[in-house]
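The following note was prepared for a colleague who wishes to review the model. Its points run from the overall fold to individual residues.

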Amino acid sequence: MSEIVVVYELDKSVATRPSPGTPSGEDRHVRRVHAAPAAPGAPTATGPRTLCGRDTFAMETTRWKPSGHPAAPWYPAENASVVCPDCDSVIET
């Protein structure tokens, strides 16, 4: 599989202002963690859809880079409880 980018689907019911120095998304509740293929020619940018077919437009890109942690799962460990099962299935095959 080519490079993947991990993205957060954030809870829309919480409207908060980001604090200075805090990346957007980290101060809002993560509803689901998805994997998306990297955009062609831009390994840190997401393609238009996640591996499960959801639109990535409103999702936040995480700092987690699966290729930088070969022995770890594709998602950040602290988000294991909210991993998209469909994205996970695609990666596992």
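1. Burial. A residue is called buried when its relative accessible area is under 20%, and exposed when that area is over 50%. Asn79 has a relative accessible area of 9% and is therefore buried. The model under review is predicted, and this assignment should be read accordingly.

2. Fold. The protein chain contains 1 helix and 4 strands. In sequence order these elements give the pattern β-β-β-β-α, with helix H1 spanning residues 85–92.

3. Chain totals. The protein chain has 93 residues, of which 33% count as buried. Its accessible surface is about 5800 Å², and carbon and sulfur atoms account for 53% of that surface. Among contacts with a separation of 6 or more, 56% join residues 24 or more positions apart.

4. Nonpolar core. The largest nonpolar core comprises 14 residues, and the members touching the most other members are Val30, Val33 and Trp74. Strand S1 (4–10) and strand S2 (30–39) each contribute at least two residues to this core. The most is given by S1, which supplies 4 residues.

5. Surroundings of Val33. Which residues does Val33 touch, not counting those up to four places away in sequence? On one side of the numbering are Val6, Val7 and Tyr8, which are among its contacts.

6. Aromatic pair. The count of aromatic pairs comes to 1. Trp74 and Tyr75 form this pair, with 5.3 Å centre to centre and 90 degrees between the planes. The geometry is classed as edge-to-face because the angle between the planes is over 60 degrees.

7. Burial of the pair. Are Trp74 and Tyr75 buried or exposed? Trp74 has a relative accessible area of 6% and so counts as buried. Tyr75, at 17%, is also buried, because its value is under the 20% cut-off.

8. Position of Asn79. Where does Asn79 lie? Asn79 is placed in the loop between strand S4 (60–61) and helix H1 (85–92). Leaving aside residues up to four places away in sequence, Asn79 touches Tyr8, Val30 and Val33. Two of these contacts, Val30 and Val33, are among the core residues that touch the most other members.

Notes. Residues numbered from 1 in each chain as written. Predicted model: local features only at pLDDT ≥ 70, side-chain atom pairs only at ≥ 80, totals over all residues. Heavy atoms only, no water. Buried < 20%, exposed > 50% of the residue type's maximum accessible area, 1.4 Å probe, protein only. Contact = heavy atoms within 4.5 Å. Areas by Shrake-Rupley, 256 points an atom, 1.4 Å probe, with all protein chains shown as cover. Core = buried A, V, L, I, M, F, W, Y, C linked by side-chain atoms within 4.5 Å. Phe/Tyr/Trp six-rings, centres within 6.5 Å; stacked < 30°, edge-to-face > 60°.
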